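Please keep the structure open while reading the points.

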Amino acid sequence: DFYDGTADDPAEVDAVDNTFDHQYTEVKAGTTVSFRNDGHNEHDIVPVLKGSFDGVKTEDFEPGTETKITFDKPGDYPYYCSLHGTATKGMNGAIRVVK
């Protein structure tokens, strides 16, 4: 699902069991995105484009935890959970940063 987070700072993306809620999020440049693990499973966040942003390791994204990442430059930042998906299937999503 799509989330217009252009008016929010921080914008929120929740990992709920084996999906990201919101799968596609749009934010303005300079916005912080709060990734929260609200599910029962461990997850990680792996950028599809290596080096586009710092991912989140499994031990840092256990149930009940939150990680904040600031996206400063316009562009698309796809990501996935390597435990429950791939870059194109399963548990994946993207952040679109606009000016």
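1. Two terms come up throughout. Two strands pair if DSSP finds at least two bridges between them. Helices (H or I, at least four residues) and strands (E, at least two) are DSSP runs, and they are numbered from the N terminus.

2. A word on the model. This is a predicted model, in which local features need pLDDT of at least 70, side-chain atom pairs count only at pLDDT 80 or more, and totals for chains, interfaces and linings use all residues. Residues are numbered from 1 along each chain as its sequence is written, and side-chain values use heavy atoms, with hydrogens and water left out.

3. Start with the five-stranded sheet. Its strand order is β1-β4-β9-β8-β6. The sheet is open and its pairing is mixed. At the edges stand β1 (2-4) and β6 (46-47). Each has a single partner strand, so one side of each is left without a neighbour in the sheet.

4. Within that sheet, look at β4 (residues 24-28) and β9 (residues 90-98). These strands run parallel and are joined by five bridges. Glu-26 has Arg-96 in β9 as its bridge partner.

5. Now the four-stranded sheet. It is open too, in the order β3-β2-β5-β7, with mixed pairing. β3 (19-21) and β7 are the edge strands. Each has a single partner strand, so one side of each lacks a neighbour in the sheet. Neighbouring strands of this sheet are turned by 25 degrees against each other on average, direction ignored. For such angles, axes are lines fitted to C-alpha atoms, for helices over the stretch in contact, and angles run from 0 to 180 degrees between N-to-C directions.

6. As background, strands of a sheet pair through backbone hydrogen bonds, either parallel or antiparallel. Strand β5 (residues 31-37) takes part in both kinds of pairing. With β2 (residues 11-16) it pairs in the parallel sense over five bridges. With β7 (residues 66-71) it pairs in the antiparallel sense over six bridges. On the β7 side, Thr-32 stands opposite Thr-70.

7. How many of the seven residues of β5 are buried? Six are, so the strand is largely enclosed by the rest of the structure. Here buried means under 20% relative accessible area, exposed means over 50%, and partly exposed lies in between (1.4 Å probe, protein chains only).

8. Thr-32 deserves a look. This residue is found in β5. Thr-32 is buried, at a relative accessible area of 17%. A polar contact of 2.8 Å joins its side chain to that of Thr-70. (A polar contact is a pair of N or O atoms within 3.5 Å; within protein, one must be able to donate a hydrogen and the other to accept it, and residues adjacent in sequence count only if both atoms are side-chain atoms.) Leaving aside residues up to four places away in sequence, Thr-32 touches Asp-9, Pro-10, Ala-11, Lys-68, Ile-69 and Thr-70. Contact means heavy atoms within 4.5 Å.

9. Phe-71 lies in β7. Is Phe-71 buried or exposed? It is buried, with a relative accessible area of 2%. Beyond residues up to four places away in sequence, its contacts include Val-33, Phe-35, Phe-53, Tyr-77, Ile-95 and Val-97. Phe-53 is 18 residues away along the chain, with 8.0 Å between the two C-alpha atoms.

10. Turn to the charges. Side chains of opposite charge can pair when their charged atoms come close. The whole structure holds four salt bridges, each a side-chain nitrogen of Lys or Arg within 4 Å of a carboxyl oxygen of Asp or Glu.

11. Arg-36 is the residue to check here. Glu-12 forms a salt bridge with Arg-36, with the closest N and O atoms 3.5 Å apart. That pair links distant parts of the chain: Glu-12 is in β2 and Arg-36 in β5, 24 residues apart. Asp-14 also forms a salt bridge with Arg-36, the closest N and O atoms being 3.0 Å apart. Asp-14 lies in β2 and Arg-36 in β5, so this pair ties together parts 22 residues apart in sequence. Arg-36 forms a salt bridge with Asp-38 as well, with a closest N and O distance of 3.5 Å. Through shared partners, Glu-12, Asp-14, Arg-36 and Asp-38 join into one network.

12. Asp-14 is buried at 12% relative accessible area. Arg-36 is partly exposed at 24%, Glu-12 is partly exposed at 34%, and Asp-38 is partly exposed at 42%.
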